[in-house]
Structures are given as C-alpha cells and as structure tokens.
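Thanks for coming. I will go through one structure this morning, starting with its pocket and ending with distances along the chain.

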Amino acid sequence: MAVKEDSKIRKPADLEGKRIATEVVNLTKRYLKQHGVKAKVEFSWGATEVKPPVLADAIVDVTETGTSLRANNLRVIDTILESTPRFIANRAAYADAWKRKKIDRLLLLLLGAIRAVDRVGLMMNVPEDRLESVLRLLPALGTPTISHLADPRWVAINTVVEEKIVTELFPKLSEAGARGIVEYPLNKIIE
C-alpha cells in the first residue's frame, strides 16, 4: 500500500474514509477489514501509481521492485502480501509418463525464463593478444564462447552476465581492447 510522499497517511488506520485505487480489489478489501478500516476501494485500469493524490488517496499495487512507486514519489505504508511463484502438478498427471514429459518440458522453459530475467548476453571482438585481459573481466555463466574470426589476429567472445554490472563492465572491456561490444536481451537460459 502506497501514498504520495508528502501524504499525512502513515498507517492503515489513517485510510478511514479514503479512496484506494487497485487492481487487486478483493485482496485490498480483506486487508482493510482485518485492520477495521472502512474505505472506498476502486478498481484501477492500469497506471495505478499515477492516481494519488487526485484520483485516489492511496494505492495498492502489484510490484516487483518498487521502481514505479519511487518514480512517482510514492511511499509504502504497508506490505499487504509477499509472494513467490510455485509450479504445481497433479500427482496422477505426473505419474503418467507422457504428461510428466510435457510437465518437465514446461518447467524447464519456465525456469529458463526466470534465470534470464536479470541477465543479458554480451558479444564482442577482441584482438588475440588482448584476450586474457578481457577474459579476466568477464564473470561468465560457465565459460564464454570464443570463436576465431576471418582475421586470425581477432576472436569473438559471446557470454552471459548480470545486467546490473553492464554499465561498469563496458568501459573496462573497451579499455582492455574489446571492440564491437553488443549487449542483447535474453529470453531463456537453460543450464
């Protein structure tokens, strides 16, 4: 639950009689009931974080990082629910070999997508004589792929890194001799 940074609302009880915008109406109503608060809960059709203070006094938003809350000068007053994903299969279905194979494939793809969320691919060309200095900079997933180019004095490197380190890594790679550095998004990583 979040409010504008300068709001006088500090705790759930301060929401009495207020308007709350959310995409999770029933969850919000249960939360308010547990806290003995009567407020007007309205379904939000997206962009919930821009509604306070004009269209709502507070919001309940489904958020992963809180980035959009901070970008809109919102302050969290309470966390209603923390959740994690779970993959559940019916035991009878999983006992069937054909269905188990399908379930295992689906799980493999889902886990691959989860692993790729905070990582990116990097490719670059490196002079052969600068290869070791570039490799020392790369926190690779496994071992980077190194391929020889048409010019035998150069190699291509392809690797996967955490996205959060790229802005620090690019200048270092360039200083170490890497050229044609390309960052690309990943959809799945199967280990």
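About 500 Å³ of space lies in the largest pocket. That volume is the space filled by probe spheres set on grid points, which are joined across faces, edges and corners. A pocket, on a 1 Å grid over the protein atoms alone, is an open set of points where a 1.4 Å probe fits, with protein on both sides within 12 Å along at least five of seven lines; a lining residue has an atom within 4 Å of a point.

Before I go on, this is a predicted model: local features need pLDDT of at least 70, side-chain atom pairs count only at pLDDT 80 or more, and totals for chains, interfaces and linings use all residues. Residues are numbered from 1 along each chain as its sequence is written, and side-chain values use heavy atoms, with hydrogens and water left out.

Back to the pocket. Its lining has 19 residues, and Asp61, Val62, Thr63, Thr79 and Leu81 lie nearest the centre. By type, the lining divides into eleven nonpolar, four polar and four charged residues. Here Ala, Val, Leu, Ile, Met, Phe, Trp, Tyr, Cys and Pro count as nonpolar, Asp, Glu, Lys and Arg as charged, and the others, Gly among them, as polar.

Next, the loop between strand 3 (40–43) and strand 4 (58–60), where serine 44 sits. Helices (H or I, at least four residues) and strands (E, at least two) are DSSP runs, numbered from the N terminus. Is serine 44 buried or exposed? Serine 44 is buried, because its relative accessible area is 1%, and buried means under 20%, exposed over 50%, partly exposed in between, with a 1.4 Å probe and protein chains only. The serine 44 side chain makes a polar contact of 2.7 Å with the side chain of threonine 48. A polar contact is a pair of N or O atoms within 3.5 Å; within protein, one must be able to donate a hydrogen and the other to accept it, and residues adjacent in sequence count only if both atoms are side-chain atoms. Not counting residues up to four places away in sequence, serine 44 touches Ala21, Thr22, Glu23 and Lys51, where contact means heavy atoms within 4.5 Å.

Alanine 47 is in that loop between strand 3 and strand 4 too, and has a positive phi, near 50 degrees. Proline 53 also lies there, and the peptide bond from proline 52 to proline 53 is cis, with omega near 0 degrees. For background, most residues other than glycine have a negative phi, and most peptide bonds are trans.

Now the cores. A nonpolar core is a set of buried Ala, Val, Leu, Ile, Met, Phe, Trp, Tyr and Cys residues joined through side-chain atoms within 4.5 Å. The largest has 15 residues, and Met124, Val126, Val134, Leu138, Ile157 and Leu173 have the most contacts inside it. Strand 6 (119–127), helix 5 (131–135), strand 8 (154–162) and helix 6 (166–176) each give two or more residues to this core. Another core, of 13 residues, lies apart from it, and includes Met1, Val25, Tyr31 and Val60.

Last, two distances. Tryptophan 98, in helix 4 (residues 97–116), is exposed, with a relative accessible area of 60%. Its C-alpha atom is separated by 47 Å from that of leucine 131, 33 residues apart along the chain. Valine 182, in strand 9 (residues 179–185), is 139 residues from phenylalanine 43 in sequence and 42 Å from it in space, C-alpha to C-alpha.
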